[in-house]
Amino acid sequence: MAHSTHPYYEENRDAMVSSMVQRMALAAPLIRERTQLTDTEGIQHEVLAEFEVVLTQLPYVGGNANRMSHFFMRLIGFLAIGRVLQRHGVPLQVISDIGRLTLKEQGLLQPEAQRLAAGRQYLSPENQAAIKEQAAMSMTQAHRQQFPDDFAYEFVEPGPGENFEFGINYQACGFCKFAAKHGDREILSSICGLDFDDYATRGVHLERTQTLASGASHCNFRFSRMNPG
């Protein structure tokens with residue numbers, strides 16, 4: 001039985017597909033350099049076809065009312081890339097490197113002033129307040145029952161002697177749940193590896209020493225302003 005894409009993601013399909021097309025154009029040279037694959041055009045077609053499959057599997061977690069919907073839409077396509085490259089025998093570390101470098105290149109296409117402004121907004125008191133509110137919501141029994149495939153996380157204030165702006169402890173990871181449900185556990189690390197460069201392109205330093213994907217009790221994200229230069 002064919003599965004359909006949730007209406008929320010269907011509304012955002014054009015933007016998501018456009019981003020994937022751009023992403024694969026950036027990934028093609030990396031695939032040629034780091035793998036034995038030469039038919040990069042064929043690989044791109046395979047990835048875009050697999051992305052259509054991923055869209056039907058993508059869980060609805062509240063749409064625009066939930067900040068994590070944006071994370072799903074921005075990053076879930078890398079699992080489509082990982083699936084295709086894994087089928088072609090590409091080692092997991094190479095898959096992870098290709099994903100990380102591709103996302104970095106894609107992020108750097110945005111003008112620096114816009115990227116850094118986005119980073120300042122992310123660290124702003126207003127955004128911290130919004131994240132704190134959503135974090136509290138994500139941990140409620142009602143939310144977790146309504147959206148069982150969502151993330152669940154806690155907002156972390158810096159303690160005495162700690163020099164980060166704020167932190168997030170993810171107690172449940174939507175990508176981990178997705179990977180477990182759809183057989184993507186082996187390439188899950190390729191998603192985890194995206195975070196550092198993703199924030200760095202916006203001038204935000206991420207420190208993280210453990211992840212749920214690697215067997216820890218939670219993912220410990222700590223954010224601070226990146227030193228210039």
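Tutor: Start with histidine 143. Leaving out residues up to four places away in sequence, histidine 143 touches Val61, Asn66, Met137, Ser138 and Asp150. Keep in mind that this is a predicted model. Histidine 143 sits in helix H9, which covers residues 141-146. Is histidine 143 buried or exposed? Its relative accessibility is 7%, and buried means under 20%, so histidine 143 counts as buried.

One of those contacts leads onwards. Ser138 is touched by histidine 143, and Ser138 is also in contact with tyrosine 153. Tyrosine 153 belongs to strand S1, residues 152-156. Its relative accessible area is 1%, so tyrosine 153 is buried under that cut-off of 20%.

Which residues are in contact with tyrosine 153, apart from its neighbours within four places in sequence? Take them in order along the chain. Arg67 and Met68 are among them. Then come Ile131, Gln134, Ala135, Ser138 and Met139. Ile168, Asn169, Tyr170 and Gln171 complete the list. The side chains of tyrosine 153 and arginine 67 are joined by a polar contact of 3.4 Å. Now compare sequence with space. Alanine 136 and tyrosine 153 are 17 residues apart along the chain, and their C-alpha atoms are separated by 7.6 Å.

Next, look at helix H8, residues 125-138. Ser138, touched by histidine 143, falls in that range. Is proline 125 buried or exposed? Its relative accessible area is 61%, and exposed means over 50%, so proline 125 is exposed. Glutamate 165 is 40 residues away from proline 125 along the chain, yet their C-alpha atoms are separated by 9.5 Å.

Now step across to helix H5. Met68, a contact of tyrosine 153, gives us the way in, as helix H4 spans 68-75. H4 is one of the elements that cover the buried residues of H5. The cover also includes H2 (13-34), H3 (40-57), H6, H10 (174-182) and H11 (189-192).

How many of the eleven residues of H5 are buried? Nine are, and H5 is mostly covered. The buried ones are Gly77, Phe78, Leu79, Ala80, Ile81, Gly82, Arg83, Val84 and Leu85.

Take the partner H3. The axes of H3 and H5 are 8 Å apart, at an angle of about 130°. That angle makes H3 oblique to H5. The crossing is right-handed. On the H3 side, the residues are Ile43, Glu46, Val47, Glu50, Phe51, Val53, Val54 and Gln57. They meet Gly77, Ala80, Ile81, Arg83, Val84, Leu85 and Arg87 in H5. By class, this contact has nine nonpolar, two polar and four charged residues.

Then take H6, residues 92-108. The axes of H5 and H6 come within 10 Å and cross at roughly 145°. This crossing is right-handed. Phe78, Gly82, Leu85 and Gln86 of H5 make the contact with Leu92, Ile95, Ile98, Gly99, Thr102 and Leu103 of H6. This contact has six nonpolar and four polar residues, and no charged ones.

Finish at the end of H5. Glycine 89 follows H5, and its phi is positive, near 80°.

Technical notes
Residues are numbered from 1 along each chain as its sequence is written. This is a predicted model: local features need pLDDT of at least 70, side-chain atom pairs count only at pLDDT 80 or more; totals for chains, interfaces and linings use all residues. Side-chain values use heavy atoms; hydrogens and water are left out. Axes are lines fitted to C-alpha atoms, for helices over the stretch in contact, and angles run from 0 to 180 degrees between N-to-C directions. Helices (H or I, at least four residues) and strands (E, at least two) are DSSP runs, numbered from the N terminus. A crossing is left-handed if the near helix is turned anticlockwise from the far one by less than a right angle, and right-handed if clockwise. Contact means heavy atoms within 4.5 Å. Ala, Val, Leu, Ile, Met, Phe, Trp, Tyr, Cys and Pro count as nonpolar, Asp, Glu, Lys and Arg as charged, and the others, Gly among them, as polar. Buried means under 20% relative accessible area, exposed over 50%, partly exposed in between (1.4 Å probe, protein chains only). A polar contact is a pair of N or O atoms within 3.5 Å; within protein, one must be able to donate a hydrogen and the other to accept it, and residues adjacent in sequence count only if both atoms are side-chain atoms. Angles under 35 degrees count as roughly parallel, over 145 as roughly antiparallel, 65 to 115 as roughly perpendicular and the rest as oblique.
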